[in-house]
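I opened this notebook to record what I looked up, one entry at a time.

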Amino acid sequence: MPKYSLTEGQIERYRTESHVVIPSVFDKRELAQVDQTIRELTEQAIEAGEADKLMELEPEPVDGVRVPRRIFNPFEQHECFRNLATDDRILGRIESLIGPNIALQHSKLNMKLAKVGSVVEWHQDLAYFPHTNSDLVTTLIYLDDATEENGCLQVLPGHHDHFFDHRLPDGSFAGMITESIDDGRFVKPVSLAAPPGSVIFMHCITPHSSLPNKSNKPRRTLIFEYRAADAFPIYFGDYVHEMEKHTFHLQGEPSRTARFGGPVPMMPAIAGNAQQKSLYTLQEEARGKVTDC
């Protein structure tokens with residue numbers, strides 16, 4: 001049993017409610033190192049004119065300055081992020097959920113600046129990257145105090161055993177849930193507010209979203225998606241091949257066999273040019289099409 005395993009009660013909560021929040025896993029000193037790394041990477045990328053390669057900028061400048069809303073693949077960009085992703089306080093808890101053989105499926109850093117942060121519509125992560133089984137855990141590290149006012153994560157608990165519809169009327173992938181989930185048929189969404197350094201372990205099929213940041217404080221979230229070594233991606237286009245370039249085996253033994261299990265996966269119909277679009281862009285384009293229907 002790993003030193004930092006989740007408790008039996010926390011594991012049971014994850015199994016039934018689809019998520020568990022562990023407050024203040026990382027301290028102020030560790031978060032300050034992350035903050036410094038983010039600032040250095042951002043400044044260097046913008047000064048070198050290579051921002052588009054490393055990050056996605058907010059659509060509109062803030063006080064005349066272009067600011068990032070997402071950093072791509074932070075695990076690959078700096079040792080600071082790799083140290084967090086492989087920290088025993090993270091991997092020990094991941095092991096208690098999906099076993100000792102663990103790979104990193106992808107990483108990203110979402111940033112909601114004060115009064116700016118973009119909305120993220122309801123969606124389920126595994127709809128974007130179907131695998132042979134659903135032993136994938138979305139792990140979110142709050143780098144700032146996360147509240148409802150500054151757009152903390154909200155989830156629809158207990159709905160990780162099935163997929164909601166993510167299709168537009170023409171059958172293409174919307175990047176968001178397109179059926180109504182606020183008509184009283186389902187449980188009420190739960191906001192996951194927590195202090196800086198807290199970590200959320202969330203099942204990969206958990207419906208979740210976040211609201212815009214309406215406060216005067218930033219809300220940044222570092223995201224690592226982990227998968228069991230015997231959970232393999234299902235090919236549905238070149239997008240899968242590109243994503244696998246950012247996968248790294250972290251712990252235990254690589255698997256030579258694929259395990260099948262979990263809900264029957266959705267296969268997203270994503271056009272070739274759309275495969276390079278971010279979640280924000282896909283949802284923004286889909287929003288208008290859903291509204292027009």
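I began with Lys-245, which I noted as partly exposed because its relative accessibility is 47%. The model I am reading is a predicted one. I then looked up the partner of Lys-245 and found that its side chain meets that of Glu-242 in a salt bridge, at 3.1 Å from N to O. Glu-242 is also listed as partly exposed, since its relative accessible area is 33%.

A search of the whole structure gave me 12 salt bridges.

Among them I checked Arg-69 and Glu-56, whose side chains meet at 2.9 Å, N to O. Arg-69 is in strand β3 (residues 68-72) and Glu-56 in strand β2 (residues 55-57), so this pair ties together parts 13 residues apart in sequence. I noted that both Arg-69 and Glu-56 are buried.

The side chain of His-249 has a polar atom 3.0 Å from the backbone oxygen of Gln-251, and it reaches the backbone oxygen of Gly-252 at 3.0 Å.

Last, I turned to the second largest pocket, with a volume of about 220 Å³. Its lining has 5 nonpolar, 2 polar and 4 charged residues, and Glu-179 is one of the lining residues. I also found Glu-179 in a salt bridge with Arg-185, where the closest N and O atoms are 3.8 Å apart.

Note on methods. Residues are numbered from 1 along each chain as its sequence is written. This is a predicted model: local features need pLDDT of at least 70, side-chain atom pairs count only at pLDDT 80 or more; totals for chains, interfaces and linings use all residues. Side-chain values use heavy atoms; hydrogens and water are left out. On a 1 Å grid over the protein atoms alone, a cavity is a set of points where a 1.4 Å probe fits but cannot get out, and a pocket is an open set with protein on both sides within 12 Å along at least five of seven lines; lining residues have an atom within 4 Å of a point. Grid points are joined across faces, edges and corners, and a volume is the space filled by probe spheres set on the points. Ala, Val, Leu, Ile, Met, Phe, Trp, Tyr, Cys and Pro count as nonpolar, Asp, Glu, Lys and Arg as charged, and the others, Gly among them, as polar. A polar contact is a pair of N or O atoms within 3.5 Å; within protein, one must be able to donate a hydrogen and the other to accept it, and residues adjacent in sequence count only if both atoms are side-chain atoms. A salt bridge is a side-chain nitrogen of Lys or Arg within 4 Å of a carboxyl oxygen of Asp or Glu. Helices (H or I, at least four residues) and strands (E, at least two) are DSSP runs, numbered from the N terminus. Buried means under 20% relative accessible area, exposed over 50%, partly exposed in between (1.4 Å probe, protein chains only).
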